[in-house]
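User: Hi! Could you walk me through a pocket and a loop in this one?

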Amino acid sequence: MKKGIMLPLVLAIMAALVYAMIVNSAQKKLTASKSIKTVLVPVRDIKEREVIKRDYLKRVQVPAAYVQKDAFTWTTDADFAKIDNAIARIQIPKGNQISKYAVTSLSPEAGLSSKIPVQMRGYIITVPTNVASMIKPDDNIDILVTFEAIMKNGSRQKVTVTLLQNVKVLGVGADLGQGLDAKTAAAMRNDEEDANAYTDTGALSLALSPRDAQYLALAQNQDGSEISVILRSQGDVTNYVMEIATFDKLFQ
């Protein structure tokens, strides 16, 4: 074969190979674009440091080629658990895919304010360690205060009043109800046991209205007053009419 014919033939073969590669790449992209994946997106704007709840999310089908890197995808309902109760690092607009880099786990590092309901305040009180160990995040408690009162006859007598009812517990120590795995939970218990070696009290984080927070602060700072907490049954949110407890009434 003449050299003059060989060179165009080689160039033609090379061009055919390049064209085949381009077509193959285009076909792969087209196939990927036809593959559908389901992603989780918010149904409304999620604010920075807001706790993400399952009700805030919906499933949307998009071509696989348009799924953002590290976006939360859905295959079964168990996939909701991967993002439920996470904290938004940044504001996430409605309808946007949620990247794993945009959220962090619910923890003390994320801040207690993430769990405080709107128009409420986060109030922290200390209670005996054995009491704190029996209470869990999202439990409801009543708060009692015992103090010395001057009675109508001028005598002094200790009385107990139910100061607040149906108070939501946001957290117990470092546990904010974030759903820890066994390894992390064990590490947290060890840290708290080390801390408890130097103190016999634990911290409860409570959700209070500004008014209730003032009254609890007032009760705590009365000379000789004692604060007690009692745990409510799950689902009991009734505010009961409670009379003041005195020893006179106790022995009547």
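**Pocket and loop**

Analyst: Happy to. The second largest pocket holds about 400 Å³ of space. Of its 18 lining residues, Glu50, Val51, Ser114, Lys115 and Ile116 are the closest to its centre. This is a predicted model, where local features need pLDDT of at least 70, side-chain atom pairs count only at pLDDT 80 or more, and totals for chains, interfaces and linings use all residues. Residues are numbered from 1 along each chain as its sequence is written, and side-chain values use heavy atoms, leaving out hydrogens and water.

User: How does the lining of the second largest pocket divide into nonpolar, polar and charged?

Analyst: The lining has 7 nonpolar, 4 polar and 7 charged residues.

User: Switching topic, where does Ser225 lie?

Analyst: Ser225 sits in the loop between α4 (210–220) and β9 (226–231).

User: Is Ser225 buried or exposed?

Analyst: Ser225 is buried (under 20% relative accessible area, with a 1.4 Å probe and protein chains only), because its relative accessible area is 17%.

User: Which residues does Ser225 touch?

Analyst: Leaving aside residues up to four places away in sequence, Ser225 touches Val145, Thr146, Phe147, Ala219 and Gln220, where touching means heavy atoms within 4.5 Å. A polar atom of the Ser225 side chain also lies 2.6 Å from the backbone oxygen of Ala219.

User: And what about Gln222?

Analyst: Gln222 is found in the loop between α4 and β9 too. At 42% relative accessibility, Gln222 is partly exposed, a class that runs between the buried limit and 50%. Its C-alpha atom is 9.7 Å from that of Glu148, 74 residues apart along the chain.

Note on methods:
Helices (H or I, at least four residues) and strands (E, at least two) are DSSP runs, numbered from the N terminus. A polar contact is a pair of N or O atoms within 3.5 Å; within protein, one must be able to donate a hydrogen and the other to accept it, and residues adjacent in sequence count only if both atoms are side-chain atoms. On a 1 Å grid over the protein atoms alone, a cavity is a set of points where a 1.4 Å probe fits but cannot get out, and a pocket is an open set with protein on both sides within 12 Å along at least five of seven lines; lining residues have an atom within 4 Å of a point. Grid points are joined across faces, edges and corners, and a volume is the space filled by probe spheres set on the points. Ala, Val, Leu, Ile, Met, Phe, Trp, Tyr, Cys and Pro count as nonpolar, Asp, Glu, Lys and Arg as charged, and the others, Gly among them, as polar.
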